[in-house]
Amino acid sequence: MSDRAMVTEAIFRTEAIRVSDPDQPFWYTSGTLGPYYINTHFLFGGEAAANRLLSRIEALSAGDPAIFAASLLEDLTAQYDLDATYRGVIDAMVRMAGPLPADFVSGGERRDFFFSLPVANR
């Protein structure tokens, strides 16, 4: 299975995609309306696992900034080792990013950390 097919299948299996009722579309942050929304962070192991990590990010961000990334990377690595879907998504991202001429991986918002830290680490 191709990386794109695997990620697409995982989006549906983890229920990361949400489709709106026809008369209640989603408001996107851009201010436009849309028929669906994808919670990519659910690829971390489902909604419950993703919400636990968001809580962990909040707790870590309130503490010592010098240990934030290292502590969070430990959590992300543990999930990478445990969850085949998350591992497959990260590995696919690493393969896709490999040929790009880049020196850094950026992730600055809470949900970005789910992917930016493990991709940069690999």
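Predicted model: local features only at pLDDT ≥ 70, side-chain atom pairs only at ≥ 80, totals over all residues.
Which residue meets Asp3 in a salt bridge? The partner is Arg95.

**View 1**
Residues are numbered from 1 along each chain as its sequence is written, and side-chain values use heavy atoms, with hydrogens and water left out. The chain has 5 helices and 4 strands. Both are DSSP runs numbered from the N terminus: helices are H or I with at least four residues, strands are E with at least two. From the N terminus on, the order is α-β-β-β-β-α-α-α-α. The C-alpha atoms fill a box of roughly 45 × 40 × 30 Å, taken along the principal axes. Buried means under 20% relative accessible area, exposed means over 50%, and partly exposed lies in between (1.4 Å probe, protein chains only).

**View 1. The salt bridge between Asp3 and Arg95.**
A salt bridge is a side-chain nitrogen of Lys or Arg within 4 Å of a carboxyl oxygen of Asp or Glu. Side chains of opposite charge can pair when their charged atoms come close. The structure holds 4 salt bridges. In one of them, the side chains of Asp3 and Arg95 meet at 2.5 Å, N to O. This pair links distant parts of the chain, 92 residues apart: Asp3 is in helix H1 (residues 3-13) and Arg95 is in helix H4. Arg95 is partly exposed, at 48% relative accessible area.

Arg13 is partly exposed, with 45% relative accessibility. Glu9 is also partly exposed, with a relative accessible area of 34%.

**View 2. Glu15, in the loop between H1 and S1.**
Glu15 is exposed, with a relative accessible area of 54%.

**View 3. Arg18 and Glu47, a link from strand to helix.**
A salt bridge joins Arg18 to Glu47, with 3.1 Å between the closest N and O atoms. The pair links distant parts of the chain, 29 residues apart: Arg18 is in strand S1 (residues 17-19) and Glu47 is in helix H2 (residues 47-61). Arg18 is partly exposed, at 32% relative accessible area. Glu47 is partly exposed too, at 38%.

**View 4. The two faces of helix H2.**
H2 has 15 residues. From first C-alpha to last, H2 reaches 21 Å, close to the 21 Å expected at 1.5 Å a residue. The expected span is 1.5 Å times one less than the number of residues. Ala49, Ala50, Leu53, Leu54, Ile57 and Leu60 are buried. These residues are on the same side of H2, because they cover an arc of only 140° around the axis. The arc is that of the directions from the helix axis to the C-beta atoms. The face turned away from this buried side carries the exposed residues Arg52 and Ala59.

**View 5. Phe113 and Val119 in helix H5.**
Phe113 is buried, with a relative accessible area of 16%. Phe113 and Leu76 are 37 residues apart in sequence and 8.8 Å apart in space, C-alpha to C-alpha. Val119 is buried, at 12% relative accessible area. Val119 and Met93 are 26 residues apart in sequence and 6.9 Å apart in space, C-alpha to C-alpha.

**View 6. The largest pocket.**
Its volume is about 200 Å³. On a 1 Å grid over the protein atoms alone, a pocket is an open set of points with protein on both sides within 12 Å along at least five of seven lines, and lining residues have an atom within 4 Å of a point. Helix H4 (84-97) and helix H5 (113-121) each supply at least two lining residues. The lining includes Val94, Phe104, Val119 and Arg122. The lining residues divide into 8 nonpolar, 1 polar and 2 charged.

Definitions and conventions: 1 Å grid on protein atoms, 1.4 Å probe; cavity = no way out; pocket = protein on both sides within 12 Å on 5 of 7 lines; lining within 4 Å. Points joined across faces, edges and corners; volume = space filled by probe spheres on them. Nonpolar A, V, L, I, M, F, W, Y, C, P; charged D, E, K, R; others polar.
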